[in-house]
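Hi everyone, thanks for making time.

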Amino acid sequence: CERQDFRASKQRLLVVANRLPVSALRRGKDSWQLEISVGGLVSALLGVKEFETRWIGWAGVNVPDEIGKEALTKALAEKRCIPVFLDEEIVHQYYNGYCNNILWPLFHYLGLPQEDRLATTRSFQSQFDAYKKANQMFADVVNEHYEEGDVVWCHDYHLMFLPKCLKERNSKMKVGWFLHTPFPSSEIHRTLPSRSELLRSVLAADLVGFHTYDYARHFVSACTRILGLEGTPEGVEDQGKLTRVAAFPIGIDSDRFIRALELPQVQDHMKELKERFAGRKVMLGVDRLDMIKGIPQKILAFEKFLEENPDWRDKVVLLQIAVPTRTDVPEYQKLTSQVHEIVGRINGRFGTLTAVPIHHLDRSLDFHALCALYAVTDVALVTSLRDGMNLVSYEFVACQASKKGVLILSEFAGAAQSLGAGAILINPWNVTEVASSIGYALNMPADEREKRHHHNFIHVTTHTSQEWAATFVSELNDTIVEAQLRTRQ
Ligand code: ADQ
């Protein structure tokens, strides 16, 4: 009975994202192994406990047969996940094509694909058609599981067409949409052939959220300049219908990181790392291997630092942990080889028989190893060329209560707006500036480190993922009540 009351008090939240928070691996005709997958959105939403959450999304595998689909649906239900099944062709056109080849680079200011204009234009249309079709498939699954009173929260650039599809199926559905990447300047967005259709679809949502005020402003400008609609301090108005647009900066589940540092296995990892790198300062980069993360720029800046500061050569080490993503995309394969080539060259140049300046790992670390690494780090380097927020910088700060290490942070990461006062802000394109910031960070006096860390630690522990989700959903609920009142007047 107690459990029922507890359940009844929680609102159901349908989180719709391209990927479910688990990856599925087929073990047999009707058996599946599920594993939690790495990524910013997953990290943030795992910390959300106020709602009765259901995830709706693609499991990341092609399941052609009914037996497999049924078994996977059952296995996922235990994790409160509901699958959307996408076939290989759709995934190729929608996910690899329109999402990753067009929207992702465009939203990070890397422009539209240049290669063969005609081919691009032709494939552009088929990729956009697949994108819309995939969004319709997501909408069907959401509609099937929706119950009155639920809140539907759509995530990211993969699902910009979803708010419109959902409202067409049920105009009473409460729909919010949140973008995890930057929303670029309207001058960039207007180059996109499907620019208006996407904007109009997002505007079908009741609430539209971004990480920063700047991204929200860019979105409103795109709606006013491209669609000719009216921007108001509240959002965008179209024929009397207001879509609320606001900034909701994401955070992390900071307690989870802080608590983990007390665990014996994390302490053991820390001890090993301290012994391994005794007598050297540890610098750390943790990124998905993606062109937006500025990994080559980071490593080149480190090289410049070593070049200009021979005394530091055997006193500092850079650990770069890069999880490969989108490994079937040629540009990502090129990036991997480029990074390997630069690391090899620098290690050849500055390494000795017993030590190398850069340790580069092409893989994901488990949570405990990651926490240990954050905790023993002296200087973290985040050099994103553009980044919606960047949670790695938050995670580093959460694990630094005793060491009070320095964060070097790109001014092009959304996190620069929240952690800017405690971090050393850099332009990652300016290798000379980054190199001298590395020197400044390594030599920073303890009292300055303490002050800077204190500022960021307070921010990270008070602006958590739980608070982020609760604020977004409560604003979405309020937005709908306000809209109902307006219509009654
Ligand atoms: P991402 O681009 O994935 O997220 P980020 O915010 O840094 O970037 O989150 C990465 C997450 O993956 C972190 O939780 C980190 O711990 C984990 N991770 C990265 N490399 C790892 C490794 N080698 N081993 C283990 N874990 C690793 C997108 C946007 C961001 C935005 C988030 C959330 O691109 O700008 O901050 O969504 O909105």
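Let's begin with helix H12 (residues 295-308) and helix H17 (residues 431-442), whose axes come within 8 Å and cross at roughly 65 degrees. Helices here are DSSP runs of H or I with at least four residues, strands are runs of E with at least two, and both are numbered from the N terminus. The axes are lines fitted to C-alpha atoms, for helices over the stretch in contact, with angles from 0 to 180 degrees between N-to-C directions. The crossing of H12 and H17 is right-handed, meaning that the near helix is turned clockwise from the far one by less than a right angle.

Before we go on, please keep in mind that this is a predicted model: local features need pLDDT of at least 70, side-chain atom pairs count only at pLDDT 80 or more, and totals for chains, interfaces and linings use all residues. Residues are numbered from 1 along each chain as its sequence is written.

Which residues meet where H12 and H17 cross? From H12 we have Gln297, Leu300, Ala301, Phe302, Lys304, Phe305 and Glu308, and from H17 Val431, Thr432, Val434, Ala435, Ile438 and Gly439. Contact here means C-beta atoms, placed from the backbone, within 7 Å. Eight of these contact residues are nonpolar, three polar and two charged.

Next, please find helix H18 (residues 446-462). Its 17 residues reach 24 Å from first C-alpha to last, close to the 24 Å expected at 1.5 Å a residue; that expected span is 1.5 Å times one less than the number of residues. Arg452, His453, Asn456 and Val460 of H18 are buried. They sit on the same side of H18, because they cover an arc of only 100 degrees around the axis, taken from the directions from the helix axis to the C-beta atoms. Buried means 20 or more other C-beta atoms within 10 Å of a residue's own, exposed means 12 or fewer, and partly exposed is in between, with C-beta atoms placed from the backbone. The other side of H18 has the exposed residues Asp447, Glu450, Ile458 and Thr462. And what do the buried residues of H18 pack against? Their partners are helix H10 (254-260), helix H15 (391-398), strand S16 (406-410) and helix H16 (416-419).

Now for helix H3 (residues 66-77), where Gly68, Ala71, Leu72 and Leu76 are buried. These buried residues line one face of H3, because they fall within an arc of 130 degrees seen down the axis. Turned away from that side are exposed residues Glu66, Ile67, Glu70, Lys74 and Ala77. The cover over the buried residues of H3 includes strand S2 (22-28), strand S3 (31-36) and strand S5 (81-83).

Finally, a look at some loops. Most residues other than glycine have a negative phi. Asp156, however, has a positive phi, near 80 degrees, and lies in the loop between strand S6 (151-155) and helix H6 (162-169). Asn390 also has a positive phi, about 95 degrees, and lies in the loop between strand S15 (379-382) and H15. Asn390 counts as buried because 25 other C-beta atoms lie within 10 Å.

How values were computed:
Contact = placed C-beta atoms within 7 Å. Nonpolar A, V, L, I, M, F, W, Y, C, P; charged D, E, K, R; others polar.
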